[in-house]
Amino acid sequence: MAGLSSHMKRSRAGGFLRLSMSKQARDDLKGYLFVSPWIISLLVFTAYPMIASFYFAMTDYTILNPPRWVGLGNFEVMFTKDPLYWKSVANTAFYALLEVPLSLAVGLVLAMLLNQRIKGIGFYRTAYYLPGLMPAVASTLLWMVLLDPRLGLVNAALRGVGLPRLGWLRSAAWSKPALILMSLWGGSGGVMLIFLAALKEVPESLLEAAMIDGANAWQRFWRVTLPMITPTIFFNLIMGIIGSFQVFASAFIAGAAGGGSEAGPLNSLLVYMLHLYRNAFRYFNMGYASAMALAMFVVLIILSMALIRSSKYWVYYEVAGRR
Amino acid sequence: MSANNGVARSAVSRREFLQLAGLAGSAAVLAACGAPPTPAATEPPTEAAAPEAVTVSWWNQFSTPTCQEVFPRVIEEFEQTYPAVKVEYEISGGPPGGGDYIEVLLARIAAGNPPDTATLWSPPSQFGARGSLTAIDDMMANAKWAKPDAFYAGPLKSCQWQGKTFGLPASAGAGCIFINTAHFEEKGLSTKREDFPKTWDALKALSEKFVVWEDGELKHAGFIPWTQSWLKPVWSELNGGKLFDAEKVQYQIVSDQNTEWLEHWVKWLDEQYGGDIEQLNIYGTWGDVYPEAAFQLGQCSIEMSGSWACTDAAIPFEWEVMKFPSGPSGSKSVTGFWPNWWVMPKGVPHPNEAFLLCEWFATQGWVTWYKAVMDTPAWKNFPEGVLTQKLVDQAGLERAQEIHNFFAAYLEDTAGMWTSPIEDFASDTLNSSIDEVLHKVKLPVEALAEAQELCQAKLDEVLQGM
C-alpha cells in the first residue's frame with residue numbers, strides 16, 4: 001500500500017477534494033482488491049481466532065460464561081499441577097520422534113522405488129497414494145480391526161511367523177507404535193509424492209557423471225541424490241513435525257477401544273491435542289486449553305526456527321549464492 | 001482508422017469484467033463476515049396475540065436406522081397433540097450443518113442463538129451448574145405430565161443442581177447383569193433370579209466355575225467386573241461407599257469401602273485371570289453384550305449392560321437379567337442408569353413450546369420409542385402394558401412384561417450418578433485411577449487418594465468460578 005500513496009496526487013475540482021491515481025497505483029489497488037477476499041479470510045478465520053486464543057489463555061473461560069482474567073494461572077496449573085499435561089507431552093514427543101523420521105524414510109524409499117520407468121508405474125503410484133485420501137476416522141476404524149489382538153490380521157501374521165501376539169491398542173507399550181503404524185500407512189503417500197517430484201528434478205547428468213567416475217548405486221544415492229533433495233527433506237521434516245504434534249483423530253478414536261481410560265491403557269494415547277480437546281470441550285476449560293495451544297505454538301516456533309537455522313549446514317540449494 | 005484497429009470494442013472489456021468480479025467478491029465476503037448474529041427474539045407481549053404456529057428446533061446426536069425410523073413418529077404425534085407447535089430437526093448424528101455436536105452446541109449457547117431443545121448424552125448438571133441451561137422447575141410444577149414427582153428420583157437428580165432442575169430424563173436405561181442361560185444349564189446351575197449370588201464373594205465363586213484356561217491362554221471367562229466404566233458409582237455403593245455426595249457437594253473417593261472394592265477387583269484379576277490386565281485384554285473383547293464382544297461370541301458367561309441391550313444388542317441365545325450383588329461392606333443391591341437428557345439452553349426464543357417438546361419426549365413420546373427399543377423410561381407414570389415389541393416377539397408377552405417389571409422396580413434403588421458439575425472430568429480421572437490399579441502401577445489407596453485430590457480441587461475451582 002506504500003506504493004499507492006507515493007503515486008497519489010490531490011487536486012481540487014469544483015470545491016471537492018479529488019484523488020487521482022497514477023496507473024501504477026491503480027494497478028496496485030486492483031491487485032489488493034483481488035487478494036482482499038483471501039486477506040479478509042486470513043484476518044477473520046486465522047488471525048482473529050489466534051489473537052483471541054492468546055487472550056483466552058490468560059483467562060478462566062468456560063465458553064458458557066464471560067472470560068475472567070487469571071494472568072499466568074493457567075500456565076502455573078499446566079506446568080505444576082496437571083499430571084496429565086506432562087503425560088500428554090511425553091506421549092506426543094514419543095510419537096513425533098518415531099513417526100517423523102520413519103515417515104520420511106518410508107516416503108523416500110517408496111519414492112525411489114516408484115521413480116522408475118516401468119509399465120504400470122502410474123498404477124503403483126496411485127495405489128501407494130490412495131491410503132492418504134482415506135478420512136482419518138475410517139482408516140482408524142479399519143486399523144482397529146486389523147490390530148484386534150485376538151482376531152486381527154496383524155497378530156495372525158505375527159503368530160504365523162512364530163512371534164507372540166501383541167496387545168496393540170490394548171497395551172500401554174504398543175498403543176503408540178500402533179498409532180505410528182496407522183500414520184505411516186496413511187501419511188507416507190503424501191510424503192512419497194513430494195519426494196518423487198524432487199527426485200525427478202535431480203539432474204540425470206550428475207548421476208551419469210557419477211556413474212562414469214565409478215560410483216555405485218549407494219554412492220550415487222548418498223553423494224548425489226540425497227544432497228540434491230535436501231530442500232525437500234527439510235520441507236517434509238518441518239511439515240512432519242508440525243503434523244505429528246497435532247495428531248488427534250486417530251488417538252481420539254483408537255483410545256476409546258483400548259479399555260481402561262478413554263485415552264488408551266494407562267493414558268498411553270493421551271496425546272497433546274487430545275488433552276487439549278478434552279479440556280476445551282469436555283471439562284469446559286477453554287482458557288486452559290487456549291494456554292495449551294499457546295504453549296504448543298511457542299514450542300513449534302522454536303523448533304521450526306532451530307531447524308531453519310540448522311538448514312544452512314545440511315540443506316543444499318542449487319541456486320547460485322545460496323547455501 | 002479507429003484506435004482499436006477495426007476490431008469492434010465490447011461494452012465491458014475483460015479487464016473491467018475482472019475488476020468488477022473482484023469488487024463483487026470482496027463485497028460478498030465483507031457482507032458475509034459482517035452479518036450480525038440472529039438476535040434472540042424478545043417480542044414484547046401483546047394484549048391480543050393471535051395464535052400462530054411456533055417452530056422449535058431440536059438438536060440431537062441420534063443416527064441409527066431405528067432412530068431415523070422412530071423419532072419422526074414421536075415428533076409427528078407431538079405435532080398432532082400440539083398443532084400450534086412445529087419441530088425443526090434432523091437425525092444425522094450431529095448438529096445441523098455438521099461438526100462436533102458439543103462444540104457447536106456450546107458455541108451456539110455462548111453466541112446467544114441456541115436451539116430450543118437439545119438432547120444430551122452427558123448430564124445436564126454440568127451445563128446447568130455453569131448457567132447455560134434454562135431452569136424448568138416452574139414449568140414442571142404446572143406441567144401436564146412432567147411434574148417433579150412423576151420421575152424416578154435418581155434420574156431426576158441427574159438433571160438438578162443446587163435445587164434447580166435443568167432438564168428432563170427421557171430414559172433411565174437401568175444397568176444389570178446378563179447371563180447366558182445355556183452355559184448355566186450345562187453346568188447344572190440355577191438360572192432363577194432368586195438363586196443368583198447376593199454377594200461379591202459368591203459371584204466370584206460362581207465366575208470361577210466358568211473360567212477355562214488352555215495351554216496358558218484364557219479360553220473362557222466367567223465374570224469380569226471392571227469392564228463397564230459407567231457403572232463405577234454402582235460398584236462403590238454396592239460396597240457401602242460413595243464417589244460423590246451431591247448434598248454436600250463433595251467427593252468421597254477416599255474411603256475404606258472404595259479401597260476394599262478395588263482390592264477385591266485386583267484379587268479377582270489375580271485369582272481368575274492371571275493377574276495381567278493387558279494379557280487378559282488380548283484374550284478377548286470383554287465388556288457389554290453386543291456383537292463381537294466376548295459374551296455374544298460365547299467366550300464369557302456373565303456380563304453387564306443396560307436395559308436397552310435386551311433388544312438393541314440382538315443377543316442370539318437365551319439370556320436372563322440379574323441384580324448386582326452387594327460387596328462385603330454393602331447391604332443392598334443398587335443399579336445404575338444412563339439417561340438420554342432433554343434440555344433447554346439458556347435464552348431460547350420459545351421456552352414454553354420448547355418445554356412442551358421436552359415433556360413429550362420424557363413422557364408420552366417415550367411410549368413410541370419404548371415400543372421399538374427397551375430403553376427403560378424415567379417416567380414413573382409410564383402406561384401399563386406398553387412393552388418393546390421386539391422383546392415380545394423374541395421372548396413372549398409374559399416374559400417381556402416380567403423383564404419390564406424387573407427394570408422398573410430396580411430403578412427404585414439407584415446409585416447416585418451423574419450429579420456432579422465436573423462429571424466428565426471426574427469420570428475420566430477415576431477411569432485412569434482404576435486403570436492404574438488394575439495395571440498394578442498404583443495401590444488402590446494411592447490411586448484413590450490422587451483421584452480424590454484432583455477431583456476435589458477441580459470441583460473447588462469450578463465452584464469458585466460460579
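User: Where in chain B is B:Lys440 placed?
Analyst: The model is predicted, so local features need pLDDT of at least 70, side-chain atom pairs count only at pLDDT 80 or more, and totals for chains, interfaces and linings use all residues. Residues are numbered from 1 along each chain as its sequence is written, with chains lettered from A and ligands numbered from 1 in the order in which they are written. Helices (H or I, at least four residues) and strands (E, at least two) are DSSP runs, numbered from the N terminus. By that count, B:Lys440 sits in the loop between H17 and helix H18 (444–465) of chain B.

User: Is B:Lys440 buried, partly exposed or exposed?
Analyst: Count the other C-beta atoms, placed from the backbone, within 10 Å of its own: 20 or more is buried, 12 or fewer is exposed, and in between is partly exposed. B:Lys440 has 13 C-beta neighbours inside 10 Å, so it is partly exposed.

User: What is phi of B:Val249 near?
Analyst: B:Val249 lies in the loop between strand E10 (244–245) and strand E11 (250–251) of chain B. With 16 C-beta neighbours inside 10 Å, B:Val249 is partly exposed. This residue is not glycine, yet its phi is positive, near 50 degrees.

User: Is B:Val74 buried or exposed?
Analyst: B:Val74 belongs to helix H2 (residues 65–81) of chain B. Because 21 C-beta neighbours lie inside 10 Å, B:Val74 counts as buried.

User: Which residues does B:Val74 touch, not counting those up to four places away in sequence?
Analyst: Two residues are in contact if their C-beta atoms, placed from the backbone, lie within 7 Å. B:Val74 is 286 residues from B:Trp360 in sequence, but 8.5 Å from it C-alpha to C-alpha. Leaving out residues up to four places away in sequence, B:Val74 touches B:Phe361, B:Gly365, B:Thr368 and B:Trp369.

User: What share of the residues in chain B is buried?
Analyst: Chain B has 18 helices and 15 strands. Of its contacts with a separation of 6 or more, 74% join residues 24 or more positions apart. Of the 466 residues in chain B, the buried share is 47%.

User: Which element gives the largest share of the side of chain B that touches chain A?
Analyst: The contact takes 31 residues from chain B and 32 residues from chain A. On chain B, the elements giving two or more residues are helix H1 (14–34), helix H3 (101–111), helix H11 (277–283) and helix H17 (423–438). The largest share, 8 residues, comes from H1(B).
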